[in-house]
2 protein chains.
Amino acid sequence: MENITIKQLRYFEAVSAQGHFGRAAEICSISQPAISVQIKELEQTLGQKLFERHARHIRLTAFGSVFSERVQPILRAIDDLSDLARAANPGLVGKLRLGVIPTVGPYLLPKFVTDLTAAFPGLDVRMRETQTEKLIADLLAGELDIALVALPISEPALAEVPLFEEPFVLLRAVGDAHKPVPNGETLRKMRLLLLEEGHCFRDQALSFCGPSPNAPHESMEGSSLSTLVQMVASGLGVTLLPEMAVRLETRSADVSVARFPTPEPTRQIGLIWRKTTPMAAQFQQIAELFRTTTAV
Amino acid sequence: MENITIKQLRYFEAVSAQGHFGRAAEICSISQPAISVQIKELEQTLGQKLFERHARHIRLTAFGSVFSERVQPILRAIDDLSDLARAANPGLVGKLRLGVIPTVGPYLLPKFVTDLTAAFPGLDVRMRETQTEKLIADLLAGELDIALVALPISEPALAEVPLFEEPFVLLRAVGDAHKPVPNGETLRKMRLLLLEEGHCFRDQALSFCGPSPNAPHESMEGSSLSTLVQMVASGLGVTLLPEMAVRLETRSADVSVARFPTPEPTRQIGLIWRKTTPMAAQFQQIAELFRTTTAV
DNA sequence: TAAAAATACTCCATAGGTATTTTAT
DNA sequence: ATAAAATACCTATGGAGTATTTTTA
């Protein structure tokens, strides 16, 4: 009967993401009846049901999911309108939601964030640390502005700006310090400690060991680099560590650090953001700032 | 301060199209203060002025025109959401805004519209006859759903579906009926009557006469095919006529009609619509219907 | 000074809240 | 029987109208 409103579209997005009116209402900071009413009105306006209501959960109808695919880019474009206005300001102000992968976060962020807020005093930096896959999803969903990750990420909707190339070093028990540094192939036969599934650093370490259909022989896993270092110190095996993590992680652990001979294994650290963001010029500024002040 | 609303974006589009708050208000069927308030709120939300106010007219600011470029595709995408729901219905119902070029309108439309409403009784057909350029602008602005034009139009955002190829015939005074039918080159040296600038049929006729930097020798112009026919009957010159116009236009005029030898000059008539419309499947149905029932 | 936009105010439609009922497993 | 959505009802915000003032070329 009436007209579609942005509010309805946002509520619709929340409900379809949550699969639940109550939780969606909470996320939108309104009551459950309010969201029910708005969804109902939207359905009436469209003349089509958007959700199948079941007792414990709801699901998008066939029409609903086609609708959803069109709604999402619209909402992102509307979000961008506000950023367009921000981008028109000189400098860089307002909220910046920054994502970072766990194997970079603790080592680079303190200085990065310090430099960033020093350079742009009007900036309100919010942080989120999680794995690459989730960061990408959050960027695409408009829940993050920018993320610091290992490149390439190969998502067509995202722009990638490389910052620097970082080598991996070998971490061994102190007793092994005199042994020759293994190459990738040799490493593969050793007891290599890895981060659990989902960390891009795990895959980068594995790929250094050459093509292998499965994880290497008798590998063990940890959920953070700190844990891996402790495991190495306890003689459970060897691991790779990004160079930026060496100082912090080996400070209080009794382990031996060795550089690999060239070609060293490396990863490329860079920034990513949605290509359509009107803040692209500002994000480039951030990349520049990073290169000149934070670079390792 | 608050949130951007679709209403504000629609008002903004109207004001920026009209360059005038009052006229924009009229188009939106609201009062001038209402639109002023909404634009003001939008400007406050964005923290940027959208318009420069002058005494007799207003103009987009630099920011306003960047904003406008982003707003337009958003509004089109929102318009498409309603069509998405329509497209989910079986058959084809609701309002269909059909555009047509002047050199097709009077000859094809009566039967076309009859067939269309017969095949889809739920359809409410609205018509607009004007020149190709304006039809394209209206399609892109979401003010038309579909248009019947001469192809190609080569607008990347529009889909083109050819319907049929139509020959042009030569119209001469009856006294010239015995003379040989001229080819394009010869025609160029005769007194060729043309439609005024802006009609695609004018350009098609001219192109048959071969490459010519200027209009042909001593040409004269009319604003409709009927006028041209009357001019020919009065011995002012010769003209080309699309075949579909012959029956209606030569009924009461004393002129001679002659086919050209092959290669005949022709034009291709087809339908165009925005590529992103969710109604594409329905529009294809219309094209099919046209081919099977209205074809010449 | 005249055309056009902004402001002041009033009113009503509607979005959202609370309390409650209905529905589906 | 229970979790979840829908409905009923009330309130308050804000969008839109009319009347008027301010602005600027």
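How do the residues of the surface near DNA strand D divide into nonpolar, polar and charged? They divide into nine nonpolar, seven polar and six charged. Here Ala, Val, Leu, Ile, Met, Phe, Trp, Tyr, Cys and Pro count as nonpolar, Asp, Glu, Lys and Arg as charged, and the others, Gly among them, as polar. The model is predicted: local features need pLDDT of at least 70, side-chain atom pairs count only at pLDDT 80 or more, and totals for chains, interfaces and linings use all residues. Residues are numbered from 1 along each chain as its sequence is written, while chains are lettered from A and ligands numbered from 1 in the order in which they are written.

The surface near DNA strand D draws on both chains. A residue is near a strand or molecule if its C-beta atom, placed from the backbone, lies within 6 Å of it. Of the 22 residues around DNA strand D, F21(A), P33(A), S36(A), S31(B) and A55(B) come nearest. Two or more residues each come from α2 (21–27) and α3 (32–46) of chain A, and from α3 (32–46) of chain B. Helices (H or I, at least four residues) and strands (E, at least two) are DSSP runs, numbered from the N terminus. Helix α3(A) gives the largest share, five residues.

DNA strand C is also surrounded by 22 residues. The closest are S31(A), A55(A), F21(B), P33(B) and S36(B). At least two residues each are supplied by α3 of chain A and by α2 and α3 of chain B. The largest share, five residues, comes from α3(B). By class, this surface has nine nonpolar, seven polar and six charged residues.

In contact with 18 residues of chain B are 18 residues of chain A; two residues are in contact if their C-beta atoms, placed from the backbone, lie within 7 Å. On the side of chain A that touches chain B, helix α4 (residues 62–88) of chain A gives the largest share, twelve residues. That side divides into 13 nonpolar, three polar and two charged residues. The copies meet through the same surface, because 100% of the interface residues of chain A are also interface residues in chain B.

Chain A contains eleven helices and eleven strands. Its C-alpha trace spans about 80 × 50 × 30 Å along its principal axes. Of its 296 residues, 32% count as buried. A residue is buried if 20 or more other C-beta atoms lie within 10 Å of its own, exposed if 12 or fewer, and partly exposed in between, with C-beta atoms placed from the backbone.

In α6 (residues 132–140) of chain A, T132(A), L135(A), I136(A) and L139(A) are buried. Seen down the axis of α6(A), these residues fall within an arc of 100°, so they line one face of the helix. The arc is that of the directions from the helix axis to the C-beta atoms. G142(A) follows α6(A) and has a positive phi, near 75°. In α1(B), the buried residues include L9(B), F12(B) and V15(B). Among the elements that cover the buried residues of α1(B) are α2 (21–27) and α4 (62–88) of chain B. G19(B) follows α1(B), with a positive phi near 65°.
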